[in-house]
Amino acid sequence: MTLLKLDVFAVRNICSATLLPSPKMNVITGANGSGKSTLLEAIFILGRARSFRTHHIKQAIAFDQPELIVSAQNLSLSSTTTLGIRLDGKHFDIRIDQENRQKADLAYAFPVQLIHPKSYRLLDAGPQYRREFIDWGSFNDDRNFLPQWRLFSKALQQRNALLKTRQAHQLDVWDAELAHYGAQIDQLRKTYFAALQPLYEALADHFLGESSVALRFDSGWHRDLSLEQSLKNDRDRDLRYGFTHSGPHRADFQVYHQNRLAKDYLSRGQQKLLMLALMLAQVVLIDGNSQRDCCILIDDLASELDAVNSAKLLKYLTHLKSQVFMTGTDSMAFGVLDDLTDYKLFHVEQGRIQIP
Ligand SMILES: Nc1ncnc2c1ncn2[C@@H]1O[C@H](COP(=O)(O)OP(=O)(O)OP(=O)(O)O)[C@@H](O)[C@H]1O
Ligand SMILES: [Mg+2]
């Protein structure tokens, strides 16, 4: 979905703002603390029903306000599509075309990808970031992913509860459930990875030059065994520790560059470029595989890249179907904007958004 009208109420220091963005590129400038990241946060909340800056969504609600609201319209289609989210820190109220809907419907209707100064931790932080990355992609790739994931999580919870209370006699039933749904999740992730890989390689090439890169996926259990067999082998250890050691909840992937682990050998800037290649590969896959267009948010572009790579990125973005919102303290941060044909410039000052 392309946002052609965006309304933001009571998100941090933005009390109330209405924007008519470009369907292509939107450049947002403003001094430190003016509200640039807040604007991206509002758009992110509209797609993911959570903030990228805090686990406590209440912190994103403007001081002294009971709730925040973000809504958007896409008037370019024959029928108007409207999206809206209202949240008071505890409850969500999500509407798509005036109907009450769930978080997953919102996420599917408005896929939004965020690149910000901490995104490079995708490569070198804990596996949960990479699982989130795979799962967001798999969710967008195949609508079976979420229901399968919910069934798997339920089986995992049940098995862990039995392990904690040492009820070994009931484990067989849950091992079978877990192995069944776990194998489905694994297959969906592998299919997704296979589709992502060539796009990622082409993008890594674009940003890093003749680079031989590879992604290696780890299912979360011994590669030569079925999940069922792994669960059997692990049983004593699982009972001792009170949790399930093997399964898709332990999956991970590693990024290699010339057969070496990228996180151990590449410079921080190069790692950022590989992260960018991964994130954009996800976007290209969504844009290519469905009627849906992904929205790209890039916070603080200059802190991510040098001038040459910023220019490469801008050039690449102009060829994508996606709508882009990117921030920087001044327009110099974006390099030469003259090369862009269709873009809008916004300036933020103390939470107010103006067209300069
Ligand atoms: N819940 C809140 N209510 C009101 N204001 C808030 C709230 N949370 C944070 N702020 C303020 O909102 C302002 C905007 O912050 P934001 O991070 O969007 O700025 P920014 O333009 O991205 O700055 P920078 O260039 O430093 O990244 C800050 O001054 C911050 O103190
Ligand atoms: Mg910021």
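Around ligand 1 there are 15 residues, and the closest of them are Asn13, Asn32, Lys36, Ser37 and Thr38; a residue is near a molecule if its C-beta atom, placed from the backbone, lies within 6 Å of it. Helix α1 (residues 36-48) gives the most to this shell, with three residues, where helices are DSSP runs (H or I, at least four residues) and strands are DSSP runs (E, at least two), numbered from the N terminus.

This is a predicted model, in which local features need pLDDT of at least 70 and side-chain atom pairs count only at pLDDT 80 or more, while totals for chains, interfaces and linings use all residues. Residues are numbered from 1 along each chain as its sequence is written, and chains are lettered from A and ligands numbered from 1 in the order in which they are written.

The domain assignment, which is automatic or taken from a database, gives domain 1 (1-111 + 292-356) and domain 2 (124-285). Their centres, taken over C-alpha atoms, are separated by 29 Å. To the contact between them domain 1 brings 13 residues and domain 2 brings nine residues, two residues being in contact if their C-beta atoms, placed from the backbone, lie within 7 Å. On the side of domain 1 that touches domain 2, helix α11 (residues 307-318) gives the most, with four residues.

The table sets out two groups of residues by class, with Ala, Val, Leu, Ile, Met, Phe, Trp, Tyr, Cys and Pro counted as nonpolar, Asp, Glu, Lys and Arg as charged, and the others, Gly among them, as polar.

| Group | Residues by class |
|---|---|
| Side of domain 1 that touches domain 2 | eight nonpolar, two polar and three charged residues |
| Shell around ligand 1 | three nonpolar, ten polar and two charged residues |

Strand β9 pairs with strand β10 (residues 252-257) in the antiparallel sense over six bridges, pairing being assigned if DSSP finds at least two bridges between two strands. Within β10, Tyr256 is the bridge partner of Ala214.

Taken as a whole, the chain has eleven helices and 15 strands, and 40% of its 356 residues count as buried. Its C-alpha trace spans about 70 × 50 × 40 Å along its principal axes.

Methods. Buried ≥ 20, exposed ≤ 12 C-beta atoms within 10 Å, placed from the backbone.
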